[in-house]
Amino acid sequence: MEPYIWDSLKEICERERLSLNEICSRIDERRGEANLTASIRVFIVSYFRTAIGNRGFSEDGPSPLLRKAMDDAVPMD
């Protein structure tokens, strides 16, 4: 997985006071036939979507959240 994904997963572990192994084992137990890497990515997106709720969104143009995500995912340099 990409470093940014690992950093996000480690941040969740810190927030939840669980080890990386504990989180990955829980995801692995629940994923069924899905790929583990894909399941981890979906888990991370779901975790942070749930955490953010509707905070930070703008009704008149790009929100700070969109700008930050674009900067992190697609750097201009």
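The model is a predicted one, so local features need pLDDT of at least 70 and side-chain atom pairs count only at pLDDT 80 or more, while totals for chains, interfaces and linings use all residues. Residues are numbered from 1 along each chain as its sequence is written, and side-chain values use heavy atoms, with hydrogens and water left out.

The overall layout is quickly told. The chain has four helices and zero strands, and reads α-α-α-α along the sequence. Helices here are DSSP runs of H or I with at least four residues, strands are runs of E with at least two, and numbering goes from the N terminus. Of the chain's 77 residues, 18% count as buried. Taking contacts (heavy atoms within 4.5 Å), 43% of those between residues at least 6 apart in sequence join residues at least 24 apart. One example of sequence distance set against spatial distance is Ala73 and Tyr4, which sit 69 residues apart in sequence but 8.7 Å apart in space, C-alpha to C-alpha. Ala73 belongs to helix 4 and is exposed, at 60% relative accessibility.

Back to the rings. A pair of aromatic rings is described by the distance of the centres and the angle of the planes. Rings of Phe, Tyr and Trp (its six-membered ring) pair if their centres lie within 6.5 Å; planes under 30 degrees apart are called stacked, over 60 edge-to-face, and the rest tilted. By this rule there are two aromatic pairs. Phe43 and Tyr47 make a tilted one, at 6.1 Å centre to centre with 45 degrees between the planes. Both residues lie in helix 3, four residues apart, or about one turn of the helix. Tyr47 also pairs with Phe48, this time edge-to-face, at 5.3 Å centre to centre and 85 degrees between the planes.

In soluble globular proteins, nonpolar side chains tend to be buried together. A nonpolar core is taken here as a set of buried Ala, Val, Leu, Ile, Met, Phe, Trp, Tyr and Cys residues joined through side-chain atoms within 4.5 Å. The largest such core has 11 residues: Ile5, Leu9, Ile12, Cys13, Leu18, Ile23, Cys24, Ile27, Ile40, Ile44 and Tyr47. Helix 1, helix 2 and helix 3 (36-52) each supply at least two residues of this core, and the largest share, four residues, comes from helix 1. Ile27, one of the core residues, touches Leu36, Ser39, Ile40 and Phe43, leaving out residues up to four places away in sequence. Ser39 sits in helix 3 and is buried, at 14% relative accessible area. Apart from neighbours within four places in sequence, Ser39 contacts Ile27, Arg31 and Ala34.

Next come the pockets. On a 1 Å grid over the protein atoms alone, a pocket is an open set of points where a 1.4 Å probe fits, with protein on both sides within 12 Å along at least five of seven lines, and lining residues have an atom within 4 Å of a point. Grid points are joined across faces, edges and corners, and a volume is the space filled by probe spheres set on the points. The largest pocket has a volume of about 730 Å³. Its lining counts 21 residues, with Tyr4, Ser8, Phe48, Ala69 and Asp72 nearest the centre. Helix 1, helix 3 and helix 4 (64-73) each give two or more residues to this lining, and helix 3 gives the most, seven. By class, the lining has 12 nonpolar, one polar and eight charged residues, where Ala, Val, Leu, Ile, Met, Phe, Trp, Tyr, Cys and Pro count as nonpolar, Asp, Glu, Lys and Arg as charged, and the others, Gly among them, as polar.

The second largest pocket holds about 160 Å³. Ile12, Glu16, Leu18, Ile23, Arg26, Ile27, Arg30, Phe43 and Tyr47 line this pocket, and helix 2 gives the most, with four residues.

One backbone detail remains. Most residues other than glycine have a negative phi. Arg17, not a glycine, has a positive phi of about 55 degrees. Arg17 lies in the loop between helix 1 (3-16) and helix 2 (20-30) and is exposed, with a relative accessible area of 75%.

Conventions:
Buried means under 20% relative accessible area, exposed over 50%, partly exposed in between (1.4 Å probe, protein chains only).
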